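Me: I have a structure open here and would like to go through parts of it with you. Could we begin with the strands?

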Amino acid sequence: EFLTAAEIVAMLVETVAKGGNLLLNVGPNADGTIPDIQTTLLRDSGAWVSEHADAIHGSTAFDIPGSGRHWYTRTGDVVNAFDLSSAAEPRFEGLVGVAGVTTAAGEGLDFRAADDGLTVDARHLVRHPYGTRYCVRLAPGTAPIRVADRGAPRGTLAALLAGASDGDVVDVPGGRYDDEEFPLVVPGGVTLRGPGAARVTIDAGGGLAVVLAGEGAVLEGVTVVGGSPGYMMIPPTCVTGQGADRLTVRDCVVESIAIVGGAGHVIAGNVIAGGKVWLMGTSGSHVRANYQHGLRWGAGIEVQGGAGHVIAENECRDDLCAIKCVETDGARVERNRYETRWFGVHLLNATGSVLYRNRGWRTMRAVTVEGGTDNRVEKQLAEHCDSGAVVEGGATGTVVTNSWFHDCRVGVFVWGVDDVELLDNAITEPRDHAIVTDLEGLTYTDQHADETRGSSGDDVWVHPT
């Protein structure tokens with residue numbers, strides 16, 4: 001399984017936009033040659049990079065890195081705006097005060113500038129499938145608000161935020177901030193940004209720390225501690241938001257994040273230590289590439305309600321449950337890793353979910369589908385778990401396919417449901433049974449381990465109802 005050339009380009013652009021360097025691993029043959037499949041991918045992605053060398057190798061980080069499929073670098077006084085989706089009318093959030101937009105070759109383009117960002121008319125362009133770059137010139141006077149520029153002593157972050165307006169960046173220099181007026185309230189369209197979580201600590205001293213208070217509010221590159229303590233399944237109160245759309249917490253170290261309502265939120269690249277990510281009544285939210293650990297009596301990432309969520313590439317450890325989706329519609333949970341005490345991924349009365357390529361390790365129930373309809377579990381890996389997959393609670397239309405359950409006490413446990421499809425799964429070295437079900441006549445197309453490698457009975461055990 002290899003990255004595609006487009007994925008290599010996307011990884012490089014995001015890394016450079018965040019001020020980093022990319023180390024890309026290849027696997028040479030014994031004679032030192034690179035296999036053709038890797039050489040082709042490297043040459044294809046390298047050709048794209050060569051076309052945009054001044055925006056990659058010759059660039060510095062912009063005031064904001066971007067997110068999702070849109071990333072920014074700076075070359076001199078030009079902002080390089082990358083649209084990795086190559087849309088006909090890309091919309092770049094956070095770019096305000098735009099004076100002009102051109103292609104990389106210098107062709108002028110029509111655009112629409114608004115308070116919340118920039119939209120470019122690229123309908124007539126031949127756009128590259130790996131991504132298209134636009135050169136943006138900003139009008140003078142659009143620099144971010146910097147604490148140091150105003151000669152402000154400690155204790156004035158709250159005042160700067162109160163005076164900020166849509167499109168402003170409150171740039172916080174390194175240090176510890178514990179004598180502020182808490183909570184710090186980030187207005188709509190404003191970014192509170194530090195140079196990195198290792199360099200800025202905001203300590204609320206036992207209360208609510210940061211509130212994202214309006215559409216498009218962003219918290220980035222800081223450590224936030226000192227939230228009021230939680231209890232059992234209730235996480236500490238640390239970073240919150242309510243009612244607004246497009247709230248973002250990115251590249252931070254925090255105790256917990258709780259957002260209620262709104263749509264299009266982004267929680268990405270954070271360390272969540274001792275708490276959880278909790279989204280309630282939101283829609284279209286992305287929780288991606290976070291490391292969460294230590295909420296021993298609750299769910300590390302919990303989404304309640306809403307549609308179109310994406311929970312991807314996260315790692316969860318030492319929780320009661322890693323990822324929980326309650327009454328969601330069309331959630332996609334993919335490429336997450338977890339080692340938790342009870343549930344891995346738990347779908348509770350969810351509809352139309354897709355669980356894809358997640359990995360559970362030493363978890364009681366690697367995947368649980370409880371109630372709900374039309375949920376799909378595909379290409380899951382569960383190792384050394386009590387149960388690889390559990391389908392229960394009246395769930396209907398569940399499909400478990402192309403998954404591998406290795407050294408689990410029970411590979412698949414089906415209980416109290418009317419229908420389930422088990423298609424082309426591998427269940428190796430089950431310590432008790434490959435499948436336990438109360439469905440007489442269950443049909444399946446699975447590869448089962450033989451009983452000599454740890455199974456204590458028949459591969460399929462039907463319990464009388």
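Me: Which residue is the bridge partner of Phe 92 in strand 7?
Reply: The partner is Leu 118. The model is predicted, so local features need pLDDT of at least 70, side-chain atom pairs count only at pLDDT 80 or more, and totals for chains, interfaces and linings use all residues. Residues are numbered from 1 along each chain as its sequence is written, and side-chain values use heavy atoms, leaving out hydrogens and water.

Me: How many bridges join strand 4 and strand 7?
Reply: There are 3 bridges, in the antiparallel sense. Strands are DSSP runs of E, at least two residues long, numbered from the N terminus, and two of them pair if DSSP finds at least two bridges between them.

Me: And what is the strand order of that open sheet?
Reply: The order of its 3 strands is 4-7-6. Strand 4 (91-93) and strand 6 (111-114) are the edge strands, each pairing on one side only.

Me: Back to Phe 92: is it buried or exposed?
Reply: Phe 92 is buried, and Tyr 72 is buried too (buried means under 20% relative accessible area, exposed over 50%, partly exposed in between, with a 1.4 Å probe and protein chains only). The rings of Tyr 72 and Phe 92 form a tilted aromatic pair, 6.1 Å centre to centre with 55° between the planes. Rings of Phe, Tyr and Trp (its six-membered ring) pair if their centres lie within 6.5 Å; planes under 30 degrees apart count as stacked, over 60 as edge-to-face and the rest as tilted.

Me: Which residues make up the cluster linked by ring pairs?
Reply: Phe 62, Tyr 72, Phe 92 and Tyr 134 do.

Terms used:
Helix = DSSP H or I, 4+ residues; strand = E, 2+ residues; numbered from the N terminus.
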